[in-house]
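Student: I have a model open and would like to go through it with you. Could we start with the charged side chains?

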Amino acid sequence: MEHAQAKFCKKVYAEKKLAFREFFKSVSLKLEPARLHPGMLLKHFNVQAKRRSGDGANKDRKNLLVAWNWAQKYLPRWPKENPVKLCERQDAEQHPRYIPPVEDFWKVYDAAKEGQDK
């Protein structure tokens with residue numbers, strides 16, 4: 001987490017921190033990484049999807065997957081098989097972005113004052 005705090009912006013760091021805080025509510029801090037298996041992770045992600053959302057669970061999955069890969073690279077004797085990778089993503093609602101019609105864009109553009117607002 002020290003590496004993440006130094007490398008990423010506050011928002012990304014907070015997302016990673018939340019992922020670990022929630023994860024260690026499901027799994028003991030004393031559990032050896034080699035004993036972690038996909039079933040434990042799936043149970044955790046299912047709980048997160050129900051409590052928060054599928055999107056929240058998927059963000060946690062992404063952050064735990066990246067953390068495991070980082071540990072493989074930098075921590076000696078870290079298990080090579082990544083159990084997070086074996087867990088499927090949760091269903092999540094799609095939130096398409098609103099794109100205004102061209103006519104609305106030009107109305108706002110014409111109403112804007114000169115300079116930076118334009």
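Student: Is K25 buried or exposed?

Tutor: K25 is exposed, at a relative accessible area of 57%. Buried means under 20% relative accessible area, exposed over 50%, and partly exposed in between, with a 1.4 Å probe and protein chains only. The model is a predicted one, in which local features need pLDDT of at least 70, side-chain atom pairs count only at pLDDT 80 or more, and totals for chains, interfaces and linings use all residues. Residues are numbered from 1 along each chain as its sequence is written, and side-chain values use heavy atoms, with hydrogens and water left out.

Student: Which side chain does K25 meet in a salt bridge?

Tutor: K25 meets the side chain of E22, at 3.2 Å from N to O. A salt bridge here is a side-chain nitrogen of Lys or Arg within 4 Å of a carboxyl oxygen of Asp or Glu. E22 and K25 are 3 residues apart in helix α2, so about one helical turn separates them. Helices are DSSP runs (H or I, at least four residues) and strands likewise (E, at least two), numbered from the N terminus.

Student: And E22, buried or exposed?

Tutor: E22 is buried, with a relative accessible area of 5%. The side chain of E22 also forms a salt bridge with R51, at 2.6 Å from N to O. E22 lies in helix α2 and R51 in helix α3 (residues 38–51), so this pair ties together parts that are 29 residues apart in sequence.

Student: How many salt bridges are there by this rule?

Tutor: The count comes to 5. One of them joins the side chains of D60 and R52, at 2.6 Å from N to O. D60 is buried, at 1% relative accessible area, whereas R52 is partly exposed, at 31%. Salt bridges that share partners join E22, K25 and R51 into one network.

Student: Let us change topic. What is the volume of the largest pocket?

Tutor: The volume is about 620 Å³. On a 1 Å grid over the protein atoms alone, a pocket is an open set of points where a 1.4 Å probe fits, with protein on both sides within 12 Å along at least five of seven lines, and lining residues have an atom within 4 Å of a point. Of the 27 residues that line the largest pocket, F20, A67, W68, W70 and A71 are the closest to its centre.

Student: Which element gives the largest share of that lining?

Tutor: Helix α4 does, with 7 residues.

Student: Where does N82 sit, and which residues does it touch?

Tutor: N82 lies in the loop between α4 (54–74) and α5. N82 touches L65, W68, N69 and Q72, leaving aside residues up to four places away in sequence; contact means heavy atoms within 4.5 Å. N82 is buried, with a relative accessible area of 7%.

Student: What about N58, buried or exposed?

Tutor: N58 counts as buried, at 5% relative accessibility. N58 is placed in helix α4 and touches R89, Q90 and A92, again not counting residues up to four places away in sequence.

Student: Which residue has a positive phi without being glycine?

Tutor: R77 has a phi near 65 degrees, a positive value in a residue other than glycine. R77 is found in the loop between α4 and α5 and counts as exposed, at 80% relative accessibility.

Methods
Grid points are joined across faces, edges and corners, and a volume is the space filled by probe spheres set on the points.
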